[in-house]
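Student: Please take a close look at one part of this model, the interface between its chains. I would like the cut-offs stated along with the values.

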Amino acid sequence: MSALGDRAAAVSEWFDGRSDAALLLALAAGLYALFTGVSLVLGYDLGGIVNTLRRITFLSAIYAMLVLALNLQWGYTGLFNLGVAGFMAVGVYTMGMLSTAPTTNPPGLGLPLPIGIAGGVVAAALVGAVASLPALRLRGDYLAIVTLAFSEIVRLTYRSPVFETFSVGGVALGTGGSTGMSLPTNPIRILFYENPQEVTSPPSAFGEAVFGAFEGLGVRAPVVEGTAYALVLLLFVAGVYVLLRRVGNSPFGRVLKAIREDETVAGALGKDTRLFKVKVFALGCALMGLAAILWRIGGIASTEDFRPITTFYVFVALIIGGAGSNTGSVVGGAVFASLLFEGPNFVRRVVTQYFEVGIGQTPNTIFEAVGPLASLDVTPLLAYTLSDVNVSALRLVLLGIVLIYLIQNRPEGLLGHRTETAASVDLGERPGGENR
Amino acid sequence: MTTTSPDTDGAAADGSAAATDESTGDPLLQVRDLQKSFGGITAVDGATFDVERGTITGLIGPNGAGKSTTFDLVTGVQTPDSGQVVFDGTDITGWRPHRAANRGLVRTFQIARELDEMTVLENAMLAPRGQVGEKLWRAVLPGARSEVVRQEEQLREQAWETLEFLELDHLAEEYAGGLSGGQRKLLELARVLMIEPEMILLDEPLAGVNPTLEEKLLDRLRALREDGYTFLLVEHDMDVIMNHCEPVIVLHQGEVLIEGSPEEVKNDDRVLEAYLGGEV
Amino acid sequence: MATNTDTNTVVAFVRGRPVVVAFGLFVALLFADLLRKLGTGALTTASLAGFLKDGTVLGLSLGLAGIGLAMTYSILNFANFAHGDYITVGGVVGWITAFLVTGLGSTELESLALLTASSRTLGISVTTAPVAITLGLLVSVVVTAGLALLIDRIVFRPMRGQRGIALLIASVGVALAVRYLLVFTLRTGPRGLTAGQATPSWTLAVGSGTVTVTAHEATLAVLAVALMLGTHVLLRYTTFGTAMRAMADNEDLAQVSGIPTERVIRTTWLLGAGLTGAAGFLIALERGALTMSFGWQLLLLVFAAVILGGIGSVYGAMVGGLVIGLASRLSLVWLPESFIIAAAFVVMIVMLLVRPKGLLGGVTTV
């Protein structure tokens, strides 16, 4: 345990000497190299490798945005928001109801997608502001419970058959209840298709050219499309990162830190802490809504995606990166998404391929798996462990253990304690100071 | 000096009028009939006093006399059960602390409350009033940010000067959590000075400060008083109170026992009695 | 003048606590509407009685499940998010025991141990298999208490004295690890436990209709009340109870005055988790089924009960549980069924805003 801690400390020391940009680039290069290697081991062709990297990039970007948003609330301001999934759901469902066509089931308003996205983000912000009202008077763990309950109220409402389809003033709307809701097509299709809204649309001239070029390399059209979208998401991450850095490195951010450290002091120094908390909740929740929209668009909105476990994922990612640091948030998002979230599945694939643990004879119960151990046959146990369902279960066990380990041994995150001073100017040297 | 706001009820208005009659000077802070009890225990029981503009008024009393609670009630950290607080002609009873602070009335805490995970410089720069960059949109929008940066540069210089004066400048980049007890007290003082208020309530500002610095600090308090600051000082060190405060208010069991010059207070038998009684 | 003063007092009260007043008005309005519905026949007395009975049963489940949470919350000062999974563990191990005791010899061992055997064939109920149920209850208490001690040793003890949020996060980790280890060994999917046809029930005439009470509902209610009273007596009249109250009040002071804090913590876990295990077993008995996440799904409601009652109060947990249980079932008078859980959460949030210290005012009454 402690050897691992030492190594982590050494790693964080090494990182301290580097600039944040270099750190993020090194991390990206490392993860890409790792997953390229794994893909080669699995015998993927170029298309498969690109698709693997696309998926890693996509998930890392989404989690990075979610973690950045949560970091603003918890890392900077100390507001323990356990309702992340609920605010995400508000963003996605509002966007869906505004922008899906009135003819689909469940029906939407059919408004242009930019309006839908903006509406989703604004709705998440407003709901966040409302949810923050208890935050104004409740201490840490009560706030955690209230926000968690709040997100469950949101989820159960979207899931309720009452709102599966309903009408407001004669206009039909719906959430799709427990079956979910088809969301508008991914806007990246505008680049490649004649009629981006239609799934069956022929590619545009540009799309044809690009698809043709990549087809020759063995990368199929959907992978090209998805890769382009993942790259766009990286731009979004950069945008959110810059935005939150600005928020943090300003007098506003300074007040947030002061609220986290001691709200009474912040108040005694003339800061209207309630107002700051409402703003932080609204801004953070808006970004959560945005991240969720970017995550689900082109697919299906389902209440299953917005269970509390999604919130816990974001928390684990934030704790990995270290609460309070924006760079750490991006690192945490990427490390979580690629290693903890996707990693176990790749481990499963590699192991099943190399140890020829056939899917055919996978034991159905733990007894069938453990029984043969008596005759020193570990294959059934391995096969049981590596079956699809059980890897998913073990992944969550692993997540729990990682969470416990981190909070016990490295509560400040993988990168260690980071100094991101809250000011719009450099607080390092005193400019023109004679005394130094 | 008609100071009470229109919605005050009869009793308090009477008290205020009486006070105006009595006081000859120019009271900046008027405390009237303040009451506060916690679960049956009365901490402050009808405290009434004035703090004249431009004074360093001492507030003393045995342990449990209600000094810190009075501070809390005056600055809005707690809400009084009844009574009235008037600051600079405005009824600020029950105002939340940030409003009082923005009005120019600030306080330090008895046990220094530092923002541990912020540097000393950040602590100091947090305090000033009217920072444009505290508006979210100004902090973020590219065009609006230049003004923020300009103000931040000024604040940074002001913070350095304040830290220098309090001999904290060599610690500017340290985390406040790493400071010693005396340094914490100084940082608290630095923060309230950065606000540039009209009046500062100091809750035992000298506890843990070394004697040389203590002298300098008291000199500086006097200098600040000359500049127009008003202080209300709670201190256990009687020498400090007797040598530097005028007038002195003695609080006992939540009430004002006597108010007068250090000489008067020193020679009053009731004060001695209160202290002896308090010790037993 | 007198009336003027009265009006002033009322106005001041309304101004001072607008949320309380609004909430009170809202409740009064609901009550009036309830009477109206009963009067017009839109709601029969029988269905109202049914809601009240279901609400009481749910409330007692939550109250019983909440005692352990209230105890550890007051001693260790953190919201234990693994508590729900302790409930699940209690239900699972207790029912595996009951299955084994009933079916061993006649049914395949594996299907008994994995709870996949047909509940119809086994035919377990309090009257047909009282021994199996008693043993199951005992095992659920012992195993859950042991598990809680083990986890405390590994996870929480190294973190003594840390902030509540750090412990809360660690408990989320525990919750995930425990729940998905259960899923890994037993697999997901609901398990039928009791045999409906073998369970006696009583049908009572209420107004023009009837209300049915099953023997399992009665068992849960009786045992829940007995266990709660027992716990109360234990905490009130034993040295352990005194030590626990002292620690809940001020841990440092308790330590200085020579209270063996670690031992009190251990006993608290033993007692609290034991009760939690029993709650898990009894709730599964009453429902006749369980899943690997039933405790987790109950957790927020249990939190609601404990917070409502005031953290650290056994009576409070009981009262809070009843309020939450009744509120969620009575909400059926106005709301569709898909909203009953949401309604309970809303009650909790509103109550937290109105009375953050809980119904019993945050007085530790253990």
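Tutor: In this predicted model, 46 residues of chain B are in contact with 42 residues of chain A, contact being heavy atoms within 4.5 Å. The area buried between chain B and chain A is about 3,900 Å², and carbon and sulfur atoms give 58% of it; buried area is the accessible area (1.4 Å probe) that two parts lose on being put together, summed over both. Of the area that chain B buries against chain A, Glu134(B), Leu136(B) and Arg156(B) supply 15%, more than any other three residues.

Glu134(B) also forms a salt bridge with Lys271(A), with the closest N and O atoms 2.7 Å apart. A salt bridge here is a side-chain nitrogen of Lys or Arg within 4 Å of a carboxyl oxygen of Asp or Glu, and the count between chain B and chain A is 5.

Several elements of chain B each supply at least two residues of the side that touches chain A, among them helix 4 (120-126), helix 6 (142-165) and helix 7 (181-195). Helices are DSSP runs (H or I, at least four residues), numbered from the N terminus. Helix 6 of chain B gives the largest share of that side, 12 residues.

As for conventions, residues are numbered from 1 along each chain as its sequence is written, and chains are lettered from A in the order in which they are written. Local features need pLDDT of at least 70, side-chain atom pairs count only at pLDDT 80 or more, totals for chains, interfaces and linings use all residues, and side-chain values use heavy atoms, leaving out hydrogens and water.
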